[in-house]
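Reader: Hello! Could you show me how to read a few features of a protein model?
Author: Gladly, let us take them one by one with the picture at hand.

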Amino acid sequence: MNNNFDVIVIGSGPGGYVCAIRSSQLGLKTACVETRDTLGGTCLNIGCIPSKSLLHSSEFYQKANSEFNDLGIETGKIKLNLSKMMSNKSQSILNLTKGIEFLFKKNKVTQLHGKGSVLAKDTVSVIDGSGKKISYKTKNIVIATGSIPTSLPGIKIDEKIIVSSTGALSFKKVPKELVVIGGGYIGLELSSVWKRLGSNVTVIEFLDHIIPGMDTDISNEFKKILDKQGINFKLDNKVTSVNIINNKAVVDFTNNKSKKRERVECDKVLVAVGRKANVNQDVHELDIQLDNQKKIQVNEKFETSIKNIYAIGDVVNRGPMLAHKAEEEGIAVAELIAGQAGHVNYDVIPAVIYTSPEVAMVGKTEEQLKKENIKYKVGKFPFLANSRAKVNNETEGFVKVIADEKTDKVLGVSIISAAAGNMIAEASIAMEFGASAEDIARTCHAHPTHSEAVKEAAMMVDKRPIHF
Ligand SMILES: Cc1cc2nc3c(=O)[nH]c(=O)nc-3n(C[C@H](O)[C@H](O)[C@H](O)COP(=O)(O)OP(=O)(O)OC[C@H]3O[C@@H](n4cnc5c(N)ncnc54)[C@H](O)[C@@H]3O)c2cc1C
């Protein structure tokens with residue numbers, strides 16, 4: 001193999017593999033290095049895909065147990081086969097990771113297996129599993145090494161009793177008692193999975209609300225829905241220690257306001273308090289600049305402090321740690337390297353929580369707008385008044401459209417609904433094109449669909465809904 005490349009991408013997550021494919025499409029000779037045996041990074045192997053597989057299966061299990069009968073579907077006794085559910089998850093991962101291998105071949109991306117290190121701005125070494133090291137010359141390097149889970153001081157993740165999301169995606173048995181530290185999207189998605197499969201779940205969250213960063217309206221409504229589903233919440237509480245005694249975890253926590261101390265004993269503890277940038281040793285050795293959160297600092301062209309070394313995805317200091325943000329950056333950086341005008345609009349990056357119902361948002365929240373002193377108007381439409389949601393027995397939640405008070409331009413949309421994850425794309429497109437609430441209100445939406453609630457919420461901005 002000729003060891004000279006135009007672009008070497010380190011990491012094959014959604015940032016890295018997309019960047020490699022786009023670079024190759026643009027005529028750049030491209031290689032992608034990955035330490036894992038399979039491509040696709042955190043997202044495909046231990047993140048988005050396995051979590052969505054378990055959310056999907058566990059939702060059917062729960063529905064078969066509690067809803068099918070009401071729909072006239074009579075079954076025998078429903079029985080959980082967890083190992084089969086896990087095999088189905090593994091098969092989905094395998095199919096998708098193989099799919100990226102296929103895309104690499106199709107797009108002529110060279111796949112390098114091993115640990116990649118940047119030796120200099122034009123040299124990357126790859127050490128494979130047997131310790132063999134090969135150096136490659138390249139004109140450009142893209143670091144896409146992603147992120148890893150963090151823990152709390154004094155709490156050591158062993159992936160047996162005290163687990164990260166990785167461990168919680170592969171329990172061999174349904175834990176009787178599961179404590180989840182952290183009420184963000186990863187904690188709540190996995191709480192939902194195990195609650196549906198039979199665990200008693202307690203979520204301990206330091207803040208006085210769940211899903212920080214989302215609209216308070218949405219966060220309050222979502223909490224009520226999860227309460228009804230039987231998830232226990234201990235908000236405004238700080239976990240002070242987790243100890244393992246006789247194969248059980250003992251979790252101590254203290255209320256931030258009352259200072260009341262509590263203790264729960266459980267079979268498993270999921271630590272879901274966030275993720276940190278996976279900054280490899282080479283980045284430190286080359287003195288590539290990091291921000292104060294120890295993420296690689298990049299400019300609007302994804303350039304690090306060293307020329308021709310770029311960085312994208314979870315490892316950088318821009319945007320949320322989400323797969324689709326990483327993908328957008330992968331495309332943009334490839335286009336910039338090829339001399340085109342790659343760009344990412346960080347104001348329009350949707351975020352979705354794939355629980356039941358789903359929660360989705362794009363753009364600004366009311367709280368952000370208040371802080372920024374921007375005057376706005378709000379239209380809110382409940383799914384109780386949406387015909388499709390009603391026939392499907394999915395009436396929880398609402399759509400909330402926030403528009404500029406003067407110009408009517410859509411500034412943010414939040415949705416709680418069974419179909420929120422797909423519906424948010426409409427809001428994203430509207431915002432990307434600078435649409436007004438009136439534009440959405442005057443767009444014909446198919447009937448009967450959940451999406452009609454987006455139109456009605458947009459009409460509600462002008463206080464003229466039809467169905468409410
Ligand atoms: C449980 C869970 C659920 C999630 N669900 C969602 C979701 O539903 N939607 C969503 O948008 N996001 C989700 N995420 C977040 C998403 O997975 C990340 O934002 C995304 O994977 C980041 O992509 P990336 O390319 O930056 O890095 P990663 O996907 O982390 O990939 C980085 C890759 O680089 C490799 N690597 C690191 N160092 C080296 C090296 N030196 N040499 C070679 N290879 C190296 C790693 O092995 C890894 O494969 C979830 C995350 C978790 C943990």
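Reader: Which helix gives the most to the lining of the second largest pocket?
Author: In this predicted model, that helix is α3, with eight residues in the lining. Both α3 (48–66) and α6 (185–196) supply at least two residues each to the lining of this pocket.

Reader: How is such a space found, and what is the volume of the second largest pocket?
Author: The general idea is that a probe the size of a water molecule is rolled over the atoms, and this shows where empty space is left. Here the second largest pocket holds about 920 Å³ of space. It has 29 lining residues, and the closest to its centre are Glu59, Gln62, Lys63, Glu67 and Ser356. Sorted by class, the lining of the second largest pocket consists of eleven charged, ten polar and eight nonpolar residues.

Reader: Ser356 was in that list. Which residue does a cis peptide bond join to Ser356?
Author: The partner is Pro357, and omega of the bond between them is about 0°. To find Pro357, look in the loop between β18 (351–353) and β19 (358–363). A cis peptide bond also joins His447 and Pro448, with omega about -5°. Pro448 is in the loop that runs between α13 (437–441) and α14 (452–461).

Reader: How do I read the way α3 and α6 pack, and what is the angle?
Author: Two packed helices are described by the distance between their axes and the angle between them. For α3 and α6 the angle is about 35°, and the axes are 9 Å apart. Their crossing is left-handed.

Reader: Which residues of α3 and α6 meet?
Author: On the α3 side you will find Ser51, Lys52, Leu54, Leu55, Ser58, Glu59, Tyr61 and Gln62. They meet Glu189, Ser192, Val193 and Arg196 of α6. The contact of α3 with α6 has four nonpolar, four polar and four charged residues. Two names return from the pocket: Glu59 and Gln62 are among the residues closest to its centre, and both take part in this helix contact.

Reader: Let me try another pair. At what angle do the axes of α1 and α4 cross?
Author: The axes of α1 (residues 14–25) and α4 (residues 82–106) cross at roughly 20° and come within 9 Å. Angles under 35 degrees count as roughly parallel, so α1 is roughly parallel to α4. The crossing of α1 and α4 is left-handed. Tyr17, Ala20 and Ile21 of α1 make the contact with Ile100, Leu103 and Phe104 of α4. By class, the residues of this contact are six nonpolar, no polar and no charged.

Reader: Is the crossing of α1 and α9 left-handed or right-handed?
Author: The crossing of α1 and α9 is right-handed. The axes of α1 and α9 (residues 323–337) come within 7 Å and cross at roughly 30°. That angle makes α1 roughly parallel to α9.

Reader: Which residues make the contact of α1 with α9?
Author: From α1 come Pro14, Gly15, Tyr17, Val18, Cys19, Arg22 and Ser23. From α9 come Ala323, Ala326, Glu327, Gly330, Ile331, Val333, Ala334 and Glu335. The contact of α1 with α9 divides into nine nonpolar, three polar and three charged residues. Notice Tyr17, which is in the contact with α9 and in the contact with α4.

Reader: How many cavities of 30 Å³ or more does a search of the whole structure find?
Author: The search finds one. The largest cavity has a volume of about 40 Å³. Its lining is made of Ile10, Val118, Ile143, Thr145, Asn278, Asn280, Asp282 and Val283. By class, that is four nonpolar, three polar and one charged.

Key: Residues numbered from 1 in each chain as written. Predicted model: local features only at pLDDT ≥ 70, side-chain atom pairs only at ≥ 80, totals over all residues. Heavy atoms only, no water. 1 Å grid on protein atoms, 1.4 Å probe; cavity = no way out; pocket = protein on both sides within 12 Å on 5 of 7 lines; lining within 4 Å. Points joined across faces, edges and corners; volume = space filled by probe spheres on them. Helix = DSSP H or I, 4+ residues; strand = E, 2+ residues; numbered from the N terminus. Nonpolar A, V, L, I, M, F, W, Y, C, P; charged D, E, K, R; others polar. Axes fitted to C-alpha atoms, helices over the stretch in contact; angles between N-to-C directions. Parallel < 35°, antiparallel > 145°, perpendicular 65-115°, else oblique. Left-handed = near helix turned anticlockwise from the far one by under 90°. Contact = heavy atoms within 4.5 Å.
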